Amino acid sequence: MPIRTYLINQLINSICRLNGIEPSHYVQTTTEEPLRIFNAGEQVRIANGIKELKPDNSLTNFSKISDMIKKATGMLPVDLIPILQKLSDSYSNTTMLLKANFAHAAAISSKFVVKGYRVIQRGMNNDDEKVLKKFEQQLNTDIINKLDALVESSRSELLEIYKQALQNARSKKVTTLLKEKDELETNLTRISEELTKKSSECGANQEKIEALSYEKQLFEKALQDPTGAKKEATKKIKILRLQIPAYENKVQQHLDTPSEERGSFWIFSWKVRGIHIDNGIKITREKLNRLIQRINTLEAIVANWSNIDFVNRVSKLNGELRTYKGKQSPLEHEYKQLKKSYDLIGKNFETVIQEIDEVYKSTGTDDINSFKMVNELVDAGYYGVQSIAEAYEPKFNKWKQNAITVAGGNGEGQQLNQLCYPEGIFIDDKKNIFIADFYNHRIVEWKYNATEGQIIASENGQVGEINQLNHPTDVIVDQQNHLIIIADYDNKQVIQWLNHDQQILIHNINCYGLAMDKNRFLYVSNWEKNEVRRWKMGEYDNKGIVVAGGNGQGDQVNQLNFPSFIFVDKDQSVYVSDTYNHRVMKWRKDAEEGTIVAGGNGDGKNLNQLSSPAGIFVDDLGQIYVADQGNHRVMRWREKKEEGEIVVGGNGQGYQPNQLNSPNGLSFDDEGNLYVADDANNRIQQFETIL
C-alpha cells in the first residue's frame with residue numbers, strides 16, 4: 001500500500017475509534033489493498049466527532065487549579081500573593097497552550113479526513129501525498145516537553161509558598177528546619193546515587209556467580225548424561241522466562257506510585273522521593289536486562305550443545321567462579337557501609353520533615369486551610385499534568401513477533417527458491433524485494449507473494465568472468481530511472497545494471513553499504529579506509545567527497561572502524577553502522593565529526609549496547625532501526641536516548657518465526673512492515689506492523 005493510502009487509513013481508523021464507527025463497506029484500490037469507505041450518515045458522525053474533539057477530560061484538573069488559585073488568593077498572607085500570581089500565570093499559560101493545541105489538532109484532523117475522503121472519491125494528484133504528509137507533521141507537538149518544564153517550575157513555586165507561609169507562622173524555627181532540610185537533601189541525593197551504583201555492582205556480581213555455578217553444575221551433569229542435561233537446560237530457560245513479567249510489573253509499580261504514597265507533606269520531599277523511585281526503576285531494569293542476557297546465554301548453549309567441550313568448559317568456569325566470588329565479599333562490605341550512611345541521613349531527613357509537618361499542624365485554622373489549599377493545588381497540578389501527558393503520549397509502531405518468510409527459507413543453496421547468506425535488501429513501492437545474495441554472487445528479485453526469485457544481475461554464477469559479481473553486499477534501486485546499483489564487495493567496485501547491461505561507476509573501492517539521498521547523490525561506505533563518500537550521479541570520475549570518517553581507524557567521534565551499512569535522511573545527515581565500534585554514528589551535513597546515536601557502550605547484550613550492528617533505517621520521526629547482528633535482534637533507538645528497545649527477535653539465535661540468526665540488511669515497505677535479511681538462516685523475514 002502506498003504511503004498516502006496508509007496515512008489516510010491510519011487517520012480514518014483513529015477518528016472511527018473515537019466515535020465508535022465501523023466502516024460499512026470497502027473500496028478496491030489499484031494496489032489491491034481495500035480502503036475503508038463510509039456512508040453519508042457515518043460521514044456526518046465523523047465530521048461532528050472532529051468538531052467535538054475537545055480536551056474536556058484533560059483540562060478538568062487545570063480548570064480546578066484556576067478556581068483554587070482564585071480562592072487561595074483571599075486566604076494566604078499578603079506577602080505570598082506575588083508568588084501565587086506567578087503560579088497562576090504559569091497555569092493560565094498552560095491552559096491556553098492546551099486549548100490551542102487541541103484546537104490545532106482538531107482542525108488538522110478535520111482537514112486530513114476531508115482531504116483523504118476526496119482522494120478516495122476522485123483519485124490522487126501529484127500534490128496529494130505532500131499535503132497529507134504535511135498534515136501529519138503538523139499534528140506533531142512538543143507539548144510534553146513544555147509540560148515537563150511546567151511540573152518542575154510549579155513544584156518550585158509551590159515550595160516557595162509553603163516556605164513563606166511556614167516562616168510567617170514560626171519564623172525562626174522554620175528557617176532553621178528548612179536550612180537543615182536542604183543540607184540533608186543534598187547529602188541524601190548524593191549518597192543515594194552511590195548506593196544505587198554499588199547495589200547494581202553487588203547484584204550483578206552475585207547473579208553472575210549464580211549463573212556460572214548453574215552452568216558448571218549443568219556441564220558436570222552433561223559429562224554423565226548429556227541428553228538429560230540438555231533437557232534440564234531447556235526447562236531452566238522456560239523457568240527464567242516466567243520471571244520476566246514480574247520485573248516488568250515491578251517497573252510499572254514504581255512508575256505508578258501516586259503522590260499520596262510519597263510521604264506526608266510530600267512537597268518538601270518530592271526530590272528525594274523522585275530519586276528513590278527513579279533508582280528503583282533503574283535497578284529493576286538492570287536486573288531484567290541481566291535476566292534476559294542469562295536466558296540468551298543458555299539458549300546459545302542449547303543451540304550449540306553438540307559442539308561443547310564439557311571438560312574444558314568446567315575447568316574455565318572454576319576459574320571464573322573464583323574471580324567473581326573473590327569480588328563479592330568486598331562489594332557487600334562497601335554496600336553495607338553506604339547503606340548504613342544512607343539510612344542514618346534518611347532517618348534525620350524524615351525527622352526534619354516530620355518537625356516541619358508538626359509546625360504545619362500547629363499554625364491555626366486559617367493557616368491550615370491555606371496549606372490545605374496549596375496541597376490541593378499540588379495534587380491537581382500533578383494529576384493534571386499526568387492526564388495531559390497521557391493524552392499526547394506518542395504511540396510508536398509495534399510489529400507481530402512471529403515473522404512470515406517472504407524469500408528463501410528453503411535451506412542454503414543456489415536454486416531460485418534458495419538464498420545463501422543474504423546481506424543488503426531493498427523493497428520497492430510494489431513490495432518487490434531485491435536481495436544481495438552474498439555467497440551466490442548474484443542479485444535476486446522476489447516479486448510480491450512469489451515462491452521463488454529471479455536473477456537480475458550476475459547470471460552465470462562463475463566468479464571472475466565478465467558481468468559476474470563477487471560477494472555483493474548491498475543493492476539499491478533507482479526507481480525513477482529503473483537502475484540497480486550494487487556494492488560488488490570482492491571485485492572492489494560499485495556497478496550499475498540496466499536491462500542486464502553492466503556499467504562500472506566507481507573503481508578500486510572497498511565498498512560495503514550504499515544509499516541515495518533525495519537529490520540522487522550516491523553514498524558509499526569504504527570499510528578499508530573507514531569512511532563514507534558521496535558522489536553526484538553521473539560524475540564518478542572524481543574521488544567523491546568524504547561525508548563521514550576519513551580520519552583513520554579508531555573509536556573517536558571523527559573516526560570509524562569498519563563502516564558497513566549506511567542511511568541518509570531528508571536533511572542529508574548520514575547514519576553509519578560503525579560495526580567494530582558496536583555503535584551507530586550520525587554525521588550531519590558538512591560536519592567534521594559524528595555523534596553516537598545508538599550503542600557506543602562496548603560489545604554487549606544490554607539495551608544500551610549493540611554487537612556488530614549491520615542494516616540500518618531511520619524513519620520520519622528520526623527513530624533509528626538497527627540490525628543488531630551479534631545479538632540476533634532488531635533494535636529501535638530514539639535520538640538522545642541512552643537505551644534502545646527490542647523491536648523483533650532477541651529470543652536467542654534460532655530458526656523459529658520469532659528468532660533471527662545474524663540479521664543483516666533491513667528495510668520497510670510503505671505499510672510499515674519490517675523486512676530483515678536473516679543472514680545465517682538464508683531467508684528474508686517480514687514482520688507485519690500492528691496498526
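The UniProt annotation "repeat: NHL", taken from an unreviewed entry, covers residues 559-590, 604-634 and 659-690; UniProt positions are given in the numbering used here, feature names are shortened, and annotations may be inferred rather than shown by experiment. The structure is a predicted model, in which local features need pLDDT of at least 70 and side-chain atom pairs count only at pLDDT 80 or more, whereas totals for chains, interfaces and linings use all residues. Residues are numbered from 1 along each chain as its sequence is written, and side-chain values use heavy atoms, with hydrogens and water left out.

Two of the annotated spans are described by their secondary structure, for which helices (H or I, at least four residues) and strands (E, at least two) are DSSP runs numbered from the N terminus. Residues 604-634 are 0% helix and 45% strand, and the end C-alpha atoms of this span lie 14 Å apart. Residues 659-690 are likewise 0% helix, with 56% strand and a distance of 18 Å between the end C-alpha atoms. Across the chain as a whole, the secondary structure amounts to 12 helices and 28 strands.

Of the 691 residues in the chain, 49% are buried, where buried means under 20% relative accessible area, exposed over 50%, and partly exposed in between (1.4 Å probe, protein chains only). The accessible surface of the chain is about 34,200 Å², and 47% of this area belongs to carbon and sulfur atoms; accessible areas come from the Shrake-Rupley method with a 1.4 Å probe, and for residues only the protein chains shown count as cover. When contacts between residues at least 6 apart in sequence are considered, 58% join residues at least 24 apart, contact being defined as heavy atoms within 4.5 Å.

Leucine 184 lies in helix α7 (residues 171-224) and is counted as buried because its relative accessibility is 12%. With residues up to four places away in sequence left out, leucine 184 touches Ile345, Asn348, Phe349 and Val352, and its C-alpha atom is 8.0 Å from that of glycine 346, which is 162 residues away in sequence. Arginine 285, in helix α10 (residues 270-303), has a relative accessibility of 39% and therefore counts as partly exposed. A C-alpha separation of 7.4 Å is found between arginine 285 and tyrosine 247, although the two are 38 residues apart along the chain.

Strand β15 (residues 531-536) contains lysine 536, and valine 532 is also placed in strand β15. Valine 532 is buried, with a relative accessible area of 0%, whereas lysine 536 is partly exposed, with a relative accessible area of 44%. Beyond residues up to four places away in sequence, valine 532 touches Tyr523, Val524, Ser525, Ile545, Val546, Val547, Ala548, Ile566, Val574 and Val576.

Glutamine 572, in the loop between β17 (563-568) and β18 (574-578), has phi near 65°, a positive value in a residue other than glycine, and counts as buried at 9% relative accessibility. Histidine 582 is found in the loop between β18 and β19 (583-587); its phi is near 55°, again positive in a residue other than glycine, and at 13% relative accessibility histidine 582 counts as buried.

The second largest pocket has a volume of about 410 Å³. On a 1 Å grid over the protein atoms alone, a pocket is an open set of points where a 1.4 Å probe fits, with protein on both sides within 12 Å along at least five of seven lines, and lining residues have an atom within 4 Å of a point. Grid points are joined across faces, edges and corners, and a volume is the space filled by probe spheres set on the points. The pocket is lined by 16 residues, of which Phe434, Glu445, Val477, His482 and Ile484 lie nearest its centre. The lining divides into six nonpolar, five polar and five charged residues, where Ala, Val, Leu, Ile, Met, Phe, Trp, Tyr, Cys and Pro count as nonpolar, Asp, Glu, Lys and Arg as charged, and the others, Gly among them, as polar.
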